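Please view the structure below before reading on.

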Amino acid sequence: MDGQRERGGRAPQWRWHGPPWWNRRVDEERRPRWPWASTALVTAFVLVGSNFAAHVQEGERAGLDPLARALLFVTGAALLWRLRYPVPVVFGTAVATLVYLGAGYPYGPVFLAVAVACFSAVVAGHREAAWAAMGILWAGHALMAHWLYRWLPPAGDSAASWGQELGIAAWVVAVAALSELARARREQWARERAERARAARRRADEERLRIARELHDVLAHSISVINVQAGVGLALLDTDPEQARTALTTIKDQSKEALGEVRQVLDTLRTPGDAPRAPAPGLDRLPELVEQAASAGLTVEVEGKPPRLSPGTDLAAFRIVQEALTNVVRHSGSRHARVRLARDGSTLRLRVDDDGPATGADAGGSGNGLAGMRERAAALGGTIEAGPRPDGGFRVLAALPVDVGHTAQAKDTTQAKGDDR
């Protein structure tokens with residue numbers, strides 16, 4: 001890469017940001033498109049409609065000459081820039097309309113171009129500019145119709161009635177109000193789209209974290225046991241082949257079980273609408289965890305019997321015990337652990353102790369395993385406390401609700417993720 005740099009240490013622009021023509025292309029794609037069709041339609045309507053208005057108001061207003069047609073065309077054609085430059089367009093159409101009316105040309109659909117420009121400016125967020133342009137149009141028309149008409153064409157014109165001015169004012173307010181309504185609806189739709197996008201991202205993040213937790217919990221325990229047994233097998237391969245064979249058998253069983261659980265997780269991902277083919281693990285499999293820990297050289301003493309739990313709590317409790325025992329195998333010098341289960345009203349108290357001392361750098365509890373335990377407990381509205389004991393060793397203490405409905409679980413999960421953010 002350094003060999004491709006230009007002299008002076010600067011890299012060619014196109015290597016980092018794309019060639020200049022590409023940047024212009026991206027900028028053009030981000031900018032609003034040109035409203036050719038609507039502009040042509042409005043301009044044609046203004047020109048044709050003004051011809052009919054001129055015949056109806058013949059003798060009252062000046063006839064359409066080339067200057068009048070040019071003003072009408074410019075007023076309509078200016079709408080082509082209304083999406084990119086809404087403020088200049090709304091003021092430009094208002095001024096052009098005042099010049100057209102001040103020259104004595106007939107009333108007609110020329111006001112449509114001003115209405116469209118005002119609508120675009122308000123929707124784009126330039127409310128003050130739109131209201132100011134409409135105010136200038138009304139004030140200028142009132143000034144010409146009641147004071148300047150003596151010096152403006154057509155000759156012999158009289159002052160307009162105030163009823164006509166009130167009608168024009170009502171028209172101005174109606175156009176501005178309709179524009180404000182469209183702006184409010186557009187902002188509401190934008191907020192709803194943004195909220196749906198945030199909800200979709202939040203659900204994707206929650207699902208990603210759930211999958212990461214499941215895979216970590218499934219693999220960490222089995223791989224830790226496999227690692228320990230592999231070390232035992234290598235150490236006893238020459239001196240005690242029978243014990244080495246037992247270690248290899250344990251490795252085979254653990255790897256088979258881990259593959260089965262990973263396959264179950266992947267099957268759930270491939271067919272999200274189908275029910276799982278196998279029930280989720282729970283505390284009824286606690287004896288299996290004890291046997292697996294024993295094969296890794298860890299003696300586990302269990303106190304208490306698991307109460308009847310909801311599926312979510314049962315799975316979370318099993319995974320918490322599994323991860324706690326895995327941490328003892330990996331990070332503790334103790335070969336003895338205690339698991340205590342007790343129900344306190346509507347709460348399951350779960351405690352896992354070992355006598356230490358810690359042998360791993362991550363024994364303090366900053367790894368993904370403890371983070372996953374905390375996330376599982378928080379998703380159910382429970383708590384996790386993990387840390388060194390005063391008398392040595394390490395303790396994991398979990399408090400989980402015994403009965404959690406699916407609706408409450410989803411609500412608590414969303415709330416917990418929002419608090420974490």
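Strand β1 (residues 299-303) runs parallel to strand β2 (residues 336-344), and the two pair over 5 bridges. Strands count as paired if DSSP finds at least two bridges between them; helices (H or I, at least four residues) and strands (E, at least two) are DSSP runs numbered from the N terminus. Within this pair, V302 has V339 of β2 as its bridge partner. Between β1 and β2 the chain passes through helix α11 (residues 311-331), and this β-α-β crossover is left-handed. A right-handed crossover would run clockwise from the first strand over the helix to the second, with the strands pointing away from the viewer.

The model is predicted: local features need pLDDT of at least 70 and side-chain atom pairs pLDDT 80 or more, while totals for chains, interfaces and linings use all residues. Residues are numbered from 1 along each chain as its sequence is written, and side-chain values use heavy atoms, without hydrogens and water.

| Strand pair | Sense | Bridges |
|---|---|---|
| β1 and β2 | parallel | 5 bridges |
| β2 and β3 | antiparallel | 8 bridges |

In β3, T347 is the bridge partner of D344, and D354 stands opposite A337. The hairpin of β2 and β3 has 2 residues between the strands, and G345 there takes a positive phi near 70°.

These strands belong to an open sheet of 5 strands with mixed pairing, in the order β1-β2-β3-β5-β4. β1 and β4 (383-388) are at the edges with a single partner strand each, so one side of each has no neighbour in the sheet. On average, neighbouring strands of the sheet are turned by 10° against each other, direction ignored.

Helix α11 packs against helix α12 (residues 368-379) at an angle of about 160°, with the axes 10 Å apart. Axes are lines fitted to C-alpha atoms, for helices over the stretch in contact, and angles run from 0 to 180 degrees between N-to-C directions. α11 and α12 are therefore roughly antiparallel, a term for angles over 145 degrees. α11 passes α12 in a left-handed crossing, in which the near helix is turned anticlockwise from the far one by less than a right angle. Contact (heavy atoms within 4.5 Å) involves residues including L315, I320 and A324 of α11 and L370 and M373 of α12.

Note on methods: Parallel < 35°, antiparallel > 145°, perpendicular 65-115°, else oblique.
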